[in-house]
Amino acid sequence: MFKGILKEQTIQVGIGFVFIVVLLGTFILPEWMSNNFMYGLSRGLAVLGLMILWRTNLVSFGHALYYGFGAYAVAMAQKYLGVTDVFLRIIIAITAAGILGFVLGFILRRYREIFFAMLSLAFSMVLYGLLAKAEFLGSTDGMSISPSTMFGFELGRFGLFYFIGFVVILSLIFAHAYLRSSLGHLTTAIMDNEIRVEYLGYSVEKAIHIKYVISACLAGGAGGLMAAALGQVDPDSMVLWSVSGELVFVTIMAGLGNILAPFVGAIFFEFIRTYAYEFAPQAWQMIIGGTLLAIIFFLPGGLWSLFQKINPFKKEKK
Amino acid sequence: MAINEILKTTNLQKSFSGIIAAEDINISVKEGEIIGIIGANGAGKTVFVNMITGYLKPTSGTIEFKGNNITGIKPREATHIGVCRSFQVSQVFMSMTVKQNLMIAMSLAKKSGSQLLKPIDDEILSKECDKILKQYNIIKQKDLIVSTLSQGMRKLLDIAMAVVGEPKILLLDEPTSGVSVEEKFGIMDIVISALKKSGTTVLFVEHDMEIVERYVDRVMAFYQGQIICDAPPKQALKDKKVIQYVLG
Amino acid sequence: MKLINLKTLGRIAITGLIASVLPMSVNAKDTVKVGVVSFLTGPAAGPFGTPAKQGAEIVIDAINSGTMPAPYNTKGFAGATMNPIFSDESGGGTKQVGLFRDFVQKQNVDAMIGYISSGNCMAIGPVADEVKMLTIFSTCGTERLYEEKLRSHVFRTQGNAVGDSLAAAKYIADEYFKGKVSTSDKMYTGINQNYAWGQDSYKFFKLGMAQYMPSAVGSTKPQFPKLFSGQYGSEISALSLDKAKIVHTSFWNGDFEAFMLQALVRGFFQKKILVSSVGGSGVDSLDKKFPDGVIMGTRGNVGLIVRNDTTPLNKWFIDSYKKRYGAYPLGPSYQYARAVMLYKIGMDKAAKAAGKFPTQDQVIAAMKGVTFESFADTIEMKRGDGHQAVHSIAYGVTKYNKAKGEPGIEKVIKYSASCIYPPAGAISQKWVESGMPGRKCN
Amino acid sequence: MQFLITVLLDGLIYASYLFIVSLGLTITFGVMKILNVAHGGFFAWGAYLASISIIYLGDNEYNSFLYYFAIFLSAIIVGLFFGYIIERFILRKMYNEDIHLIVLATFGLFWILEDLILHVFGVDPLMPYYPAMELGGIELGGIFQGVYSLTLAGLAIIVAFICWYFLKKTKYGKVLQSVIFDREVSVSMGINVTKVYLITFIIGGMLGALGGAYIAPTISVSPGFAIDVVVMSFAVVVIGGMGSVPGALIGSLIVGLVRAFAVHQAPILELFIIYAIMAIVLIIKPEGLFAPPKPRKI
C-alpha cells in the first residue's frame, strides 16, 4: 500500500511544506503566529477528512461530531484516567472517533446528498445536546486540558508543534496512499456511477463505509490535537453545527484538488479569523461570510487553484 | 438438471404496479452457448437481463445458476458467482480516464483484496490492462476522460470492464447500439472471439439481425413480456410470429 | 558563500536577539499594557459587560491621573500609566483561550484583568499559569477554580459562589423562615444556568439549606436551562407546577431580565419567593416593573446594596460614574474596579520593596495575601494560597423606593466572610457537609 | 392532570412558534430545493426590527394595536428587502451549482446578516415586553400562562389556514405545486419559474421574520440568539418531511411537545431528545414523516 510513496511528488511537497511550517513556527515567527500554524495544521486534518468524503460527493454538515468527539475523548481520558501523554492522546482521539464513525457508518453509508448532510447534522447535534446539558461532561463550560507530556516529560509548546507536524505528515502519507489506490479511486467511481461499481462486484456501501471511517478518524485526530494545542474543549466551539459549517467552509475555501490544500486552507482561515477579530471584532463573521461567498463565486476551485496556476512542480498532462 | 446447464429460469414473472413486463419466461442455457435475444422495444428484453443480473427482483418464478437458486440476488453477488453484464447505455465512470476505468474493474476482479490497496497505476496490472485495451482497440484513447469519448468507444470499454471479471455467463445489452455500421462487426468480432476462447456463455440483446445470424447459436424472441420463439437463428428468423411481431 | 560571512550573520542575529529580549525586564516603563476582558456583545453585554468596562475605565483613568481618593491617590501603577485594551468575552471558553494566548504572545500585555463567566475562568486559569501571565479575575464565581488546583499566576478579587449561596440560605433561615410551618413554604427549588456558576451556586444553596434549615426539602426537579437561552416558557411552567415556594436563582446578564419579564407576565411572583444571588444588576433596567419582595444579593457589598453607603471611596465612585455615564454603577462596575485596584496595590508595593520597576514575580509576591479597602468593604486575599478573595456578603429584599422614584432594597443583612466561606485550605463541599466547623457569624 | 395540561400548553406554544419559523424554511426547500441557513438571519432581523419598533411605541405610549401592526410590518419589510437581495443577486446565480454549495452560500449569508445586526441594532439585548405585559396572564390548569404566548397558537392556525387555502384553492398555488412537483415540466408548460422562485423566497423569508417578530415580546432578543433557531427549525423540517407543509405542522408539534415534556420531566435531555428524534426519523424514513410526492424520473 505504501510502496514507493515517499518518491511521489505530492508527498515530498507535503513533507516539505510541513517542515517549513514547523520551522517557521518554532524558530522564526512570533509565538502567536505559530499558534495559528499549529491550530491550522490540526484543523486541517478534519478538513482533509471532509475533502476525502467530498470526493464521493458526500458532504457532512455534522463532522464536528468527530472533531468534538476526539477532543472530548482526550478530555475524558485526562479526567478519568489521568492520560496526558501526547501519543496516547492522539491514539485515543483517533480510536474513539473511528469507533463512533464505524458504528454510525452502518447507517450513514446508505445515505446520499442532502439526506447524508442532514443525518450527519442530526448526529452531531445529539452529541451537542448531551455535552451542553450534562454536568459530568462539563456542560457548556467544557473542560480544560493540561499540557501534554511525552514519556512523562512535559512536552512544551514547541514539542507539541513538532508532534502535530509529525502526525500531519503521517496522515498525509496515509491519505495519499488511500487516495491513489484503486480503493480510493473507487469512490470517485461511485460518485460517477454506483450501479456499475455494484456490477463490478464491490459493495458501494462498504467502500463508502471505509471512507467514512477514515474521514472520522482524521476529524477525531484533529479534535485531539486541537484540544491539546488549545488547552480547552467546549461544545460550542467543538461540536455545534456552526463548527461543522466552518469545516465545510474551509474545505471549499481550500479546494478539493490536493491533499495539502486542506492544511493551507485551514492555516489561511486561522489568520483571517485572528486578523478579522483583531481589527473588526464586530464584523469578523461578516468578513468570513463574505470570504465564503467570494470563494464560491470567484474561485470555485478554492485557494489551491491559485497555487496550481503558479505551481512550478505542476505535472504536465499528456 | 440437464448436463452442462448453466442457467435456467422457471415461470419468471415481473410486474410494475400491475403492469406486466415479463411473464412465463422459461429458458435453459447450456455452458458455452451464445444466444441472441431479439424483440421490439418494450418487449421485456432488458427487464429479463435485469432480473438475471439482480438489478430487478422478479415478482415470481425462479432463476437457477448451475443448479443453485439465485433468484433476487444483489448485482454484486451476481458478479461474484460469475454472472456479469454490459449495459444498453454504457455505464462507465465518466470523470475518469479510460485506463482508470479498466484498472478499477481489474482491481475489483482480483480475488484477493490487496490489489485494491495498491496504487491505481500499479505496474504489473498496468501492463495487463494495456494488453486488454489493445485487444479492444481503445489503447490510443487510454488517457482520455471517458466523457469525451464516442458512444462506440464507451460501449467497448463497458464490455471490456464486464469481461475482465472473467464471467461464466455474460449478458450484453445491445452491445452494438449507437455504434457506427462500420464498427459493428469489428466490435463483435473482438468481443465474441475473446469470449469464445474463454468458453464464456453469452446472452446478448440485439436489434441487428445480421449480427444475430452471424454470431449466435440460438435466438430467443420476446414479445409483450413473453418468449414467443426459442430456436436456432435460421429457424427463428423464419418463424411467422417472429416475422410479424419482431421483424415486421 | 564564505564561512566568515555566515559567522558575521550569526553574530548580528544573536546580538539582535539579546538586545530585543533584555530591556523588557530591566528598564522602568512608562506604560503598562493590560488586557481588560468583559462581555461587549451578546446578552451579557448590556447589564454586565458594559458597566464592568465602564467601572474599570473610571478607576484606570483616575489612577492614571492621580485623582482617585486615598489610599489610591498616587499616580499610576508603580508610576506607569495603564494602557487598557478592552476585549470581548463572548464566544465560549475555547475561543477565549485562543484570544488570551494572542494577548500574551502577540500584544505582549503586562497583565490581564476581567472575565465574568465562570466557564471562561475555568478555561483561562490553567492557561494563564502555563504561559505565566499575571491574571486578575474580577467577577467569575466558581469555587472549583482554586479547589481543583492552586494557581500561581491567577488572582481573584471576588469571593466564590460558596459565599453567595450560603449567605442566601442563611438569609432565608434568618428572615424568611421566621414562623413558617407549612411544608410547601419550606420547599425550595431552583433555576440556574447550566454551567459552572449555575451548577455550583445551586449545589451550595442546597448544602446551605440542609445545614441552616434541616426541615426544608429540595425539589427533585430544579431547572438548568442553557446559558443565554433567553426563553423560559416551559421552565416557568415547570417551576410553577412545583410545590416548592422558594426558587433560588443565580441568573445574571440578559437571562435574568428575560426570566423576570417572562415570569412577571405569568404572575410568578404572587406565588413564589425568588432568591437571586446576582440579580442586583438587573433591577435598574426593569425599574418600576421589578417586583417587590425578591430576596436579592449582589455578590458582596457592591451595586444596589451599597447605593446609600457613604464611605468616601464609594461616594466618589458613584458620583463620578453617574457623572460620566448617567447611571448608577452596577455590581460588575465595582468588581472590575476592584481588580484594577488590586493591581495598583501590587505594583506599588512591589516597586517600593524592590526599589525599582517591579518584575511580574515581584508583583505576584506583593499581591499575595494582601488585605485592601475596597469601596464599601474590605477585601482579604486570604484563600487559595493568598490568591482568592473573601469578603462580607449582604442580602436584602427588594422594595421600590417611591420617594426617590428608583429601585430600593430593605432588611439588609451583612454576613461576614468568616461566616460564609470555609477557612483557608478547606474544600468547600466537605466543609459545609461537615457542619461548617469554625465559622463565626455576627 | 394539571401537569398534563401544562405540558400540553407549553408544547403547543412552542410548537406554534416553531411552525411559523419552519414553514418558511420548508416552503423554500419544497419549491427551490434550497436548505436556507440564512433563514435564521431573517428570523433575527424580524425580531430586531419588531423589537425596536415595539420599544419605541411602548416607550411613547402609543395605542397597543400598533404593536401588532409593527410586528407584521417588520416581517414584511425584512422578507421583501433581504429576500429580494439574496435571491436576485446571489441565489439566482447558483441554481445550477451543487446543492451543498448553495447551503454553504446561505451559511455565509447567515454570518453576514448576524453581524449586520450588531452594527444596525447594537449589542445590547432588547426586551420589547410591552405587548406581553399588556395582555398579562390567565390561569389555565392551575397555573398562569401568558396570554400573548397563547395568541401564538392562534397565529399559527391562521398562517396554516392561509397557506392551505393558497396552495389548494388559488391558481397561483397550483402553479407553485407544479413547480414543486417538477421544475422542468413546469418550465415547458410556460410557467415563469424565475419569478416563482423569487416570490417563494421572499414569502419564506417573511415567514421566518414573522416568527422572530412575533416571539420577540416574550424573549430577550440578543445577538447570536438565532443560531439555535436555525438548527431547531432544520430538525422540524426534516422530521416532517423536507418541503411538506403538513410535515412542518406535525414536525413542530412533535418537537414542541417532546421538548416541553423533557423540560418538565428530564431537563437534561431537553436538547438531546429533539435531535435524537431527528436522527431516528431520518434513519427510519429519510424523506420525513410527510414526504411530498416525487415525480418518477427514468
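Visitor: How far apart do the C-alpha centres of domain 1 and domain 2 of chain C lie?

Guide: Welcome! This is a predicted model, and its chain C is divided into domain 1 (29–160 + 309–390) and domain 2 (162–308 + 392–433). Between the C-alpha centres of these two domains of chain C the distance is 26 Å.

Visitor: How many residues of domain 1 of chain C are in contact with domain 2 of chain C, and which class is counted for 13 of them?

Guide: On the side of domain 2 of chain C, 35 residues take part, and they are in contact with 33 residues of domain 1 of chain C. Among the elements of chain C that supply at least two residues each to the domain 1 side are helix H3 (45–65) and helix H13 (331–354). By class, that domain 1 side has 8 charged and 12 polar residues, and the 13 are nonpolar.

Visitor: Why does the radius of gyration of chain C agree with that of a compact globule?

Guide: Chain C has 442 residues, and a compact globule with that number would have a radius of gyration near 22 Å. The C-alpha trace of chain C spans about 95 × 45 × 40 Å along its principal axes, and 59% of the residues of chain C count as buried. The radius agrees because the value for chain C is 23 Å.

Visitor: In what order do the 7 strands of the open sheet in chain C stand?

Guide: Chain C holds 16 helices and 15 strands. The edge strands of this sheet are strand E7 (217–218) and strand E15 (409–415) of chain C, each of which pairs on one side only. The pairing in the sheet is mixed, and the order is E7-E6-E8-E9-E10-E14-E15.

Visitor: Which peptide bond of chain C is cis?

Guide: Most peptide bonds are trans. Here, look in the loop between H3 and strand E2 (81–88) of chain C, where Pro71(C) is found. With omega near 0°, the cis bond runs from Ala70(C) to Pro71(C).

Visitor: Is Lys33(D) buried, partly exposed or exposed?

Guide: Lys33(D) sits in the loop between helix H1 (2–32) and helix H2 (39–59) of chain D. Its phi is positive, about 60°, although Lys33(D) is not a glycine. Because it has 15 C-beta neighbours inside 10 Å, Lys33(D) counts as partly exposed.

Visitor: And is Glu61(D) buried or exposed?

Guide: Glu61(D) is found in the loop between H2 and helix H3 (65–89) of chain D. Glu61(D) is not a glycine, yet it has a positive phi of about 55°. With 8 other C-beta atoms within 10 Å, Glu61(D) is exposed.

Visitor: Which element gives the largest share of the side of chain A that touches chain D?

Guide: The contact takes 36 residues from chain A and 32 residues from chain D. Helix H5 (113–133), helix H11 (241–254) and helix H13 (284–298) of chain A are the elements that give two or more residues to the chain A side. By class, that side has 27 nonpolar, 7 polar and 2 charged residues. The largest share, 16 residues, comes from H5(A).

Key. Residues numbered from 1 in each chain as written. Chains lettered and ligands numbered in written order. Predicted model: local features only at pLDDT ≥ 70, side-chain atom pairs only at ≥ 80, totals over all residues. Contact = placed C-beta atoms within 7 Å. Helix = DSSP H or I, 4+ residues; strand = E, 2+ residues; numbered from the N terminus. Nonpolar A, V, L, I, M, F, W, Y, C, P; charged D, E, K, R; others polar. Pairing = 2+ DSSP bridges. Rg over C-alpha atoms; globule rule 2.2 N^0.38 Å. Buried ≥ 20, exposed ≤ 12 C-beta atoms within 10 Å, placed from the backbone. Domains from an automatic or database assignment.
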